[in-house]
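The following report describes selected contacts, cores and charged pairs in the structure shown below.

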Amino acid sequence: MRRVLHAIEALAARATLRLLRAVGPVTASNGMGWLARTLGPVLPVSRVADVNLRLALPELDAAARRQIIRGVWDNLGRTVGELPHLAALGERSGDGPGWTFEGLEHVGAVPGGGPAIIVGAHIGNWEVLTVAASRLGIKAAGFYRPADNKAVDALIQAMRREAVGDEAGLFPKGARGARQALAHLAAGGWLGILADQKMNDGIEATWFGHPAMTAPALATLALRRRCTVLPAHVLRTGPAQFRVVCEAPMVLPDTGDRAADVQALTQAVNDRLEGWVRQHPASWLWLHRRYAKEVYRRV
């Protein structure tokens with residue numbers, strides 16, 4: 001039965017992607033945004049987003065939370081609609097689709113051209129981050145967890161390879177992937193990490209004032225190599241239009257206590273990402289359980 005369901009999913013995914021590619025990036029973005037913001041708020045997972053917002057931003061009333069959740073779904077739908085068009089996008093000229101850069105001087109100032117870690121979050125169209133980097137000649141490797149459906153996963157990876165050119169490298173999450181990432185950095189490579197998701201066996205840091213298990217890999221790798229950590233995120237400015245914001249490198253702690261330094265840098269990353277989300281709450285993916293079970297029991 002599982003194989004049949006996966007085959008049906010793959011057929012549906014192929015048909016949808018062909019349709020989205022045929023209609024162009026702006027129409028695909030608008031269409032999928034409309035579909036997601038119409039259907040998404042009534043799905044059970046939207047209750048998770050509402051609880052997350054009550055925990056993180058208790059000053060919001062129910063109407064404000066509903067508006068943000070609708071925006072979350074709109075952004076997610078647009079991100080899916082834009083995926084088949086990433087290979088055709090580039091820096092914007094005029095009012096067309098594509099992206100502009102802000103803070104690009106920070107990328108050019110990386111000592112020796114690398115190694116470096118780009119730390120981002122699931123904000124705006126996060127897929128644009130590695131594509132925009134590739135257009136600058138940066139082949140940023142990253143960690144990867146494959147989709148359960150192998151056929152669907154192959155479709156997604158094919159589109160990503162088409163968008164970034166030669167595959168820069170994907171490392172499996174876990175100890176083996178961490179070793180591969182460390183070797184990649186040692187060779188002067190760039191690594192992209194979306195650092196805003198829960199990791200059950202991570203370390204405890206705070207996220208919007210509540211304890212949240214957080215992956216320590218970014219801090220561990222950065223401190224081992226003493227490499228540049230560049231915060232960057234993608235803001236949506238219109239259908240298939242974006243602003244890639246690059247910020248100044250983060251300060252790496254160096255107290256001589258490695259565990260304390262990992263904790264401090266992990267928390268600093270959480271604080272930076274939290275600041276982005278506070279500025280643009282409807283652009284972040286509130287749909288997953290970021291906190292431990294005991295935190296949700298309080299709501």
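Leaving aside neighbours within four places in sequence, asparagine 270 is in contact (heavy atoms within 4.5 Å) with Ala195, Ala205, Thr206, Trp207, Thr214 and Arg290. The residue lies in helix 10, where helices (H or I, at least four residues) and strands (E, at least two) are DSSP runs numbered from the N terminus. At 0% relative accessibility, asparagine 270 counts as buried, a class that means under 20% relative accessible area, with exposed meaning over 50% and partly exposed in between (1.4 Å probe, protein chains only).

This is a predicted model, in which local features need pLDDT of at least 70 and side-chain atom pairs count only at pLDDT 80 or more, while totals for chains, interfaces and linings use all residues. Residues are numbered from 1 along each chain as its sequence is written, and side-chain values use heavy atoms, with hydrogens and water left out.

The side chain of asparagine 270 makes a polar contact with the side chain of threonine 214 at 3.3 Å; such a contact is a pair of N or O atoms within 3.5 Å, where within protein one must be able to donate a hydrogen and the other to accept it, and residues adjacent in sequence count only if both atoms are side-chain atoms. Threonine 214 belongs to strand 7 (residues 210–214) and is buried at 2% relative accessibility. Its side chain also makes a polar contact with the side chain of arginine 290 (3.0 Å), and a polar atom of that threonine 214 side chain lies 3.0 Å from the backbone oxygen of alanine 212. Beyond four places in sequence, the residues in contact with threonine 214 include Met199, Gly202, Ile203 and Thr266.

Turning to nonpolar packing, a nonpolar core is a set of buried Ala, Val, Leu, Ile, Met, Phe, Trp, Tyr and Cys residues joined through side-chain atoms within 4.5 Å. The largest such core has 51 residues, of which Ile117, Leu191, Trp286 and Tyr291 touch the most other members. Helix 10 (residues 258–279) contributes the largest share of this core, six residues. A second, separate core of 30 residues includes Leu129, Val131, Ala133 and Val164. Among the residues that leucine 191 touches, not counting those up to four places away in sequence, are Ile117, Phe143, Phe171 and Leu221.

Ten salt bridges are found in a search of the whole structure, each being a side-chain nitrogen of Lys or Arg within 4 Å of a carboxyl oxygen of Asp or Glu. Three of these pairs are set out here.

| Salt bridge | N to O distance |
|---|---|
| Arginine 54 and aspartate 50 | 3.5 Å |
| Arginine 65 and aspartate 50 | 2.8 Å |
| Arginine 243 and glutamate 102 | 3.0 Å |

Arginine 54 and aspartate 50 both lie in helix 3 (residues 45–56), four residues apart, about one turn of the helix. Aspartate 50 is buried, with a relative accessible area of 18%, whereas arginine 54 is partly exposed at 35% relative accessibility.

Elsewhere, salt bridges that share partners join Arg37, Asp74 and Arg78 into one network.
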